[in-house]
Each structure stands twice: as C-alpha cells, then as structure tokens.
Amino acid sequence: MWFDEAVVYQIYPLGLCGVLNEERSSDDSVVGHSILEVKDWISHIKKLGATCILFNPLMESDYHGYDTRDYYTVDRRLGTNDDLKEVCDAIHEAGLKILFDGVFNHVGRGFWAFKDVQEKKWDSPYCGWFHLSFDGNTEYNDGFWYEGWEGHNELVKLNLDNPDVRQHQFDAIKQWTDLYGIDGLRLDVAYCLSDFYLKELRRFTSTLKEDFVLMGETLHGDYNMYMNDEKCHSVTNYECYKGLYSSFNCANMHEISYSLNRQFGYENWCIYRGKHLMTFVDNHDVTRIASILTNKNHLPLCYGILFGMPGIPCIYYGSEWGEEGVKAPNNDYALRPCFEEPKPNELTEEIKKMIHVRTGSNALCHGSYRNVVLTNHQLIFERRTDDERMLVAINASDAPFTAHNGELGGTMTDLLTGNEIQMSGQLEMPPYSVQYLK
C-alpha cells in the first residue's frame with residue numbers, strides 16, 4: 001500500500017489560514033477564500049519530500065473544526081467547496097496524496113440534526129441520531145440530557161449504531177472522494193469508535209478507491225484492537241511519541257529503544273512487527289517538539305530517529321523550521337498558528353535530507369528493527385530487509401563517542417553526508433550527530 005512508504009505533512013487549516021479566531025458572521029452568504037492560500041505551500045511541501053498532505057477538519061463547524069455543523073460543506077471561514085476542490089486538484093497535480101480528517105464520533109451543537117432536536121424535542125425525527133433523554137438536562141438547558149464526548153457537552157456524541165447516521169457519514173465520504181479525490185481518512189478519536197462501526201467503515205471505503213487508507217487516532221493500550229485487516233490500516237503511535245522526546249530530555253535512550261524493540265523487534269512477543277503505525281514528534285494536540293525539548297541541539301536528532309524508525313513519519317506544519325508552541329490548559333491557539341508563508345531554515349534542510357534517505361530506502365520503509373548499541377546518550381539500531389542493511393546512529397551527547405560492537409565492521413556510507421566510513425568493530429560518533437549508514 002502506498003501509505004506504508006508515505007511521509008505525511010499535517011496542516012490544521014483553520015490555524016494556517018488565520019481564521020480560527022475569526023468571529024463568525026450570522027449571514028450564511030459571508031464566505032472567505034483563505035483555503036486557496038494552501039496552494040502556495042505545495043511547492044514547499046514537495047521540496048521537503050513529503051508525499052501526502054493530512055488536513056485536519058475542513059468542513060463547516062461551530063469553532064475549531066471538531067464540532068461539525070455540516071459534513072458536506074467547507075467551513076465558510078475557509079471558503080467554498082469549489083475553493084477546496086481547486087486546492088486538492090493542485091495537490092494531486094503535484095503528485096501528492098490527500099487525507100481528510102474524519103470526525104465521526106461527535107458533532108457540534110450547531111449540527112443541523114441536533115438543532116432540529118433542540119427545536120422540536122421528542123417530535124424531531126433525529127432524536128435517534130444521538131444518545132439523549134428528555135428526563136434530564138445539561139448546562140445548556142436544552143430541556144433534555146445528551147451524551148457529550150468525554151464530558152465535553154459542546155461535542156455531541158452521535159449514535160453510530162443508527163444506520164441513518166452511518167449512511168449520512170458514508171455519503172459525505174463518497175462526496176469527498178468524488179469531488180476532492182481524497183486518498184484516505186484520519187479517524188478522529190478512533191479509540192471511541194466501535195468494532196462494528198470500524199468494520200462497516202472499512203468495508204464501505206474499500207469500494208471507493210484502490211488502497212483507500214484509514215488511519216486511526218489511538219492513544220493507549222493495544223493498537224491491534226483498531227489496526228487489522230478489518231478495521232484501520234494504521235494508527236497513531238503515541239507510545240513512541242512520548243519515548244522520543246523523553247529519551248532526550250531524561251538522557252535515557254533506553255526508553256525509546258525499549259518501545260521500538262517491544263513494538264517491532266525480533267522477539268516473539270513483539271506486537272506490531274510488519275505493521276506501519278503513524279509516527280510523529282508533535283501535532284495539533286501537543287506541545288511542539290521545539291518547545292518540549294530542553295536542549296535545542298537535540299531537535300534534528302529527534303527527527304533523525306523519527307525518519308529512521310519503523311512507521312509512517314508525519315511532520316506538523318511549521319515544526320520543520322523549529323516553530324515553538326506550548327499547549328495551554330484550556331485552548332490550543334499556540335499550537336495552531338497562522339503563517340503567511342513557509343520559513344525554511346537549516347533544520348528544514350536537515351529534515352529534507354533525512355526524508356530523501358528514508359523514501360529511497362527499502363530498509364527504512366519496510367525493514368526489521370534491532371538494537372545494536374545502546375547507552376544513556378547513544379543509540380544505534382539496525383533496519384534490514386533481504387537486500388539492504390541500514391544503521392541509524394544517534395549521539396545525543398555534547399562530546400564525541402566511540403561505539404564498540406563486533407557488528408560495526410566493513411565499509412559503510414553515511415547517506416546524509418555521502419562520506420564513506422571504514423569500521424573495524426567501532427564507530428566514531430560526533431557530538432549531537434545523526435548518521436544513516438548503508
């Protein structure tokens with residue numbers, strides 16, 4: 001599947017286009033066209049080496065996109081359906097794939113069917129679309145109780161057991177595929193979606209387009225519950241997300257190496273060997289990596305592991321040049337900023353080189369995982385297929401380090417620099433360095 005070799009570039013459109021905090025007009029005819037600005041980013045994304053763009057919510061919503069009002073219409077603050085089609089056509093013309101964010105577990109209070117229930121109460125034909133009771137109430141005093149997502153009553157949980165709800169969503173997905181040509185979906189809070197729903201969704205989307213991808217947002221537990229031949233093709237790897245930054249901040253490379261070995265190593269108990277989870281160092285929900293790392297010298301090293309480890313690496317817009325942003329207790333404004341244009345720098349160039357190596361390496365895309373050298377500050381791991389062997393070497397120390405291992409022998413080429421390295425049981429690792437050795 002194409003997604004197994006992808007490098008994903010994630011965009012939060014309401015933020016990038018600068019309309020997240022824009023006051024909504026009560027006049028439905030007031031429509032912006034800011035989504036067209038994304039066309040100016042396509043060249044940057046392609047030069048970076050990404051092969052797929054993941055859009056966070058684009059459809060009409062109450063505020064932040066995850067509070068859907070209408071699955072069929074682009075958010076008025078961003079533009080029109082025709083505007084989005086123009087953007088998606090340009091992305092496909094550039095040879096890139098597209099994922100939309102599928103927010104199917106819940107909707108906003110402005111969702112048309114919920115508003116019908118607010119108006120008509122028990123006489124609404126859409127009462128069965130939600131989990132509600134007319135014997136209770138909420139803080140919004142609608143005259144009935146309803147289930148919100150994880151206690152957030154601005155997000156109204158849908159009754160996905162109702163076939164009419166599923167059909168409404170599936171018809172929207174078909175429209176997204178027919179009109180915008182999407183190649184797959186990110187499933188918001190996939191861990192909340194039932195086995196039955198995920199299986200029905202997989203069966204439906206498999207009829208839309210060859211290799212249509214379902215990538216689910218999962219946090220904890222066994223990802224195999226959501227990722228298999230009947231449900232999602234891939235899920236988010238939050239276990240390794242935490243291990244990536246923590247290993248640098250705590251001077252403990254054992255943490256990320258343990259997680260990677262547990263998930264992908266040679267032992268019989270490794271749980272995701274051969275599977276492709278989506279990996280990341282930050283996203284729209286967490287503090288940016290440039291803000292969470294205590295030593296900025298570790299920033300390119302963190303990406304060095306990301307593009308060398310098993311999985312499908314994802315870059316969050318702006319982080320490729322080290323943009324900072326700290327998650328606040330009650331909002332995510334700082335994580336979802338507006339940029340007038342890309343701001344590439346030295347870090348961007350380093351990431352570009354890593355992506356180039358990754359996409360050109362069968363071992364880095366599909367190979368096995370094995371730890372070779374491991375200390376608190378250094379990590380060397382092997383990625384191997386039948387026809388290629390790669391070593392990824394990370395030195396997080398401010399001092400040079402000589403790694404010793406009998407497997408560090410022969411002549412290898414550092415694909416990031418082009419330099420040939422002669423090894424006889426040891427490897428010289430410069431301070432704060434990443435080496436991709438073939």
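This is a predicted model: local features need pLDDT of at least 70, side-chain atom pairs count only at pLDDT 80 or more; totals for chains, interfaces and linings use all residues.
1. Ground rules: local features need pLDDT of at least 70 and side-chain atom pairs count only at pLDDT 80 or more, while totals for chains, interfaces and linings use all residues. Numbering runs from 1 along each chain as its sequence is written, and side-chain values use heavy atoms, with hydrogens and water left out.

2. The whole structure has 28 salt bridges (a side-chain nitrogen of Lys or Arg within 4 Å of a carboxyl oxygen of Asp or Glu). One of them pairs Asp-178 with Lys-174, closest N and O atoms 2.7 Å apart. Both sit in helix α5 (residues 163-180), four residues apart, about one turn. Asp-178 is exposed at 55% relative accessibility, and Lys-174 is partly exposed at 38% (buried is under 20% relative accessible area, exposed over 50%, partly exposed in between; 1.4 Å probe, protein chains only).

3. Asp-183 and Lys-209 also form a salt bridge, at 3.2 Å between the closest N and O atoms. Asp-183 is in the loop between α5 and β11 (184-187) and Lys-209 in the loop between α6 (195-205) and β12 (213-216), so the pair ties together parts 26 residues apart in sequence. Asp-183 is buried at 6%; Lys-209 is partly exposed at 27%.

4. Now for Ser-61, in strand β3 (residues 59-61). Ser-61 is buried, with 0% relative accessibility. Its side chain makes polar contacts with the side chains of Asp-75 (3.2 Å) and Arg-77 (3.3 Å). A polar contact here is a pair of N or O atoms within 3.5 Å; within protein, one must be able to donate a hydrogen and the other to accept it, and residues adjacent in sequence count only if both atoms are side-chain atoms.

Notes: Helices (H or I, at least four residues) and strands (E, at least two) are DSSP runs, numbered from the N terminus.
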